[in-house]
Amino acid sequence: MRNFLANAKVPASAKFLSACAAITFFAGTSAHADQPKDWETTFQAPATDMMRQIEWFGNYTMWFIVPITILVMLLLAYCMVRFRASANPVPSKTSHNTLIEVIWTVGPVVILLCLAIPSFQLLTAQYTPPEEAKLTVKATGNQWNWDYEYQTENTLSFNSAILQDTDRTAAGKEDRKEYPRLLAVDNELVVPVNTMTRVLVTATDVIHSFAMPSFGIKIDAIPGRTNETWFKAEKEGLYYGQCSQLCGKDHAFMPIAIRVVSDAQFKTWLAAAKTDLPGANKTLMAEVDGQNKVAAAGN
């Protein structure tokens with residue numbers, strides 16, 4: 001080795017917001033997929049329905065977090081001003097108040113229920129694929145790179161490690177906007193668009209974590225155990241993630257890159273990669289880059 005929320009029941013408002021997010025996503029993204037940005041405070045643009053649901057749930061919780069934070073701050077300010085020693089030299093000796101105790105008991109319970117119900121629905125959907133997987137890939141975490149194995153008729157396996165700056169020219173990946181430093185890899189995991197993909201995740205040495213923010217997936221890679229996750233990417237492009245479990249000194253240099261292409265491109269790449277992986281990657285990159293240039297010219 002190299003040195004969903006598809007079937008879950010959700011509120012109508014959630015479906016509406018998800019539809020709006022989908023429209024914004026498909027209308028506003030460029031030819032290449034989203035990636036981390038400096039000073040970013042929100043999620044990356046979702047590329048799956050599951051991630052859109054996660055994004056909706058994150059926004060939904062803010063409707064509780066912000067008012068509660070403001071209320072607590074106002075109560076603290078009121079207490080500090082109203083009951084300070086100079087304004088209230090004789091403190092109250094009230095031991096309890098039934099109405100207040102009922103409010104601060106029932107209120108949090110209601111809030112927790114409002115958060116728990118959609119949270120459990122989302123969690124259930126993440127482990128319940130809406131359809132059978134058409135492609136299965138095994139991802140094995142190593143210190144500090146990934147082994148990928150396509151479980152197809154003729155198995156294809158290869159290693160994916162961080163792209164060294166000295167190898168950029170040979171790999172044809174000089175463009176740092178498309179292939180950012182510390183995120184670009186030598187061999188991307190290639191999958192077809194709109195295809196249910198199962199990912200079997202394990203590790204050979206220590207615990208790693210397979211995470212792809214735009215897909216809404218994150219699952220631990222544990223030695224001696226195989227975990228399973230899934231995704232169905234809805235937009236072609238190049239997506240980046242990283243190992244999200246502290247796994248040693250080079251933990252920060254263990255990126256994940258997934259290239260989503262058309263079904264025809266995937267089949268062509270898969271057939272060629274079984275005999276010449278570098279050549280297949282370069283051919284695919286040339287085709288994708290050509291399509292992106294045409295799309296950019298059309299805009």
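I started at Asp165, which counts as partly exposed at 40% relative accessibility. I kept in mind that this is a predicted model.

**Entry: Asp165 and its partner**

I looked for what Asp165 pairs with. Arg168 forms a salt bridge with Asp165. The closest N and O atoms are 3.4 Å apart. I then checked Arg168 itself. Arg168 counts as buried, because its relative accessibility is 5% and buried means under 20%. I noted the background idea too: side chains of opposite charge can pair when their charged atoms come close.

**Entry: the whole protein**

I stepped back for an overview. The protein has six helices and ten strands. Of its 299 residues, 40% count as buried. The protein exposes about 17100 Å².

How many salt bridges does the structure hold? I found ten. I picked out Arg52 and Glu234 next. Their side chains meet in a salt bridge, at 2.8 Å from N to O. Arg52 lies in helix H2, and Glu234 lies in the loop between S8 and strand S9 (237-243), so this pair ties together parts that are 182 residues apart in sequence. Arg52 is buried, with a relative accessible area of 7%. Glu234 is partly exposed, at 23%.

I went on to helix H5, which covers residues 263-273. Lys267 and Asp263 both lie in helix H5. They sit four residues apart, about one turn of the helix. Their side chains also meet in a salt bridge, with 3.2 Å from N to O. Lys267 counts as exposed at 53% relative accessibility. Asp263 counts as partly exposed at 37%.

I traced the strands next. I reminded myself that strands of a sheet pair through backbone hydrogen bonds, either parallel or antiparallel. Five strands form an open sheet in the order S3-S2-S1-S5-S8. The pairing in this sheet is mixed. Strand S3 (156-160) and strand S8 (227-231) are the edge strands, and each pairs on one side only. Neighbouring strands of this sheet are turned by 25° against each other on average, direction ignored.

I zoomed in on strand S2, residues 145-150. Five bridges join S2 to S3, and the two run antiparallel. Tyr150 stands opposite Leu156 in S3.

**Entry: a sheet with S4 and S7 at its edges**

I found another open sheet of five strands, in the order S4-S10-S9-S6-S7. Its pairing is mixed as well. S4 and strand S7 (217-221) each have a single partner strand, so one side of each is left without a neighbour in the sheet. The twist averages 25° from one strand to the next.

I followed two of the pairings. Four bridges join S4 to strand S10 (residues 255-261), and these strands run parallel. Val190 stands opposite Arg259 in S10. Six bridges join S9 to S10, and these strands run antiparallel. Tyr240 has Ala257 in S10 as its bridge partner.

Are the faces of strand S4 (residues 189-192) covered or uncovered? I checked, and both faces are covered. Leu189 and Val191 are buried on one side. Val190 and Pro192 are buried on the other.

**Entry: cysteines**

I searched the whole structure for disulfides and found zero. Cys243 counts as buried at 4% relative accessibility. I also looked up Cys79, which counts as partly exposed at 40%.

**Entry: a nonpolar patch**

I finished on the surface. Which residues form the nonpolar patch there? They are Met62, Ile65, Val66, Ile70 and Leu74. Together they have about 440 Å² of accessible area. I took Val66 as an example. Val66 lies in helix H2, residues 49-82. Val66 counts as partly exposed, at 37% relative accessibility.

How values were computed. Residues are numbered from 1 along each chain as its sequence is written. This is a predicted model: local features need pLDDT of at least 70, side-chain atom pairs count only at pLDDT 80 or more; totals for chains, interfaces and linings use all residues. Side-chain values use heavy atoms; hydrogens and water are left out. Patches are made of residues with over 30% relative accessible area and no salt bridge: like charges are joined within 9 Å, nonpolar side chains (Val, Leu, Ile, Met, Phe, Trp, Tyr) within 5 Å. Accessible areas come from the Shrake-Rupley method with a 1.4 Å probe; for residues, only the protein chains shown count as cover. A salt bridge is a side-chain nitrogen of Lys or Arg within 4 Å of a carboxyl oxygen of Asp or Glu. Buried means under 20% relative accessible area, exposed over 50%, partly exposed in between (1.4 Å probe, protein chains only). Two strands pair if DSSP finds at least two bridges between them. Axes are lines fitted to C-alpha atoms, for helices over the stretch in contact, and angles run from 0 to 180 degrees between N-to-C directions. A disulfide is a pair of cysteine sulfur atoms within 2.5 Å.
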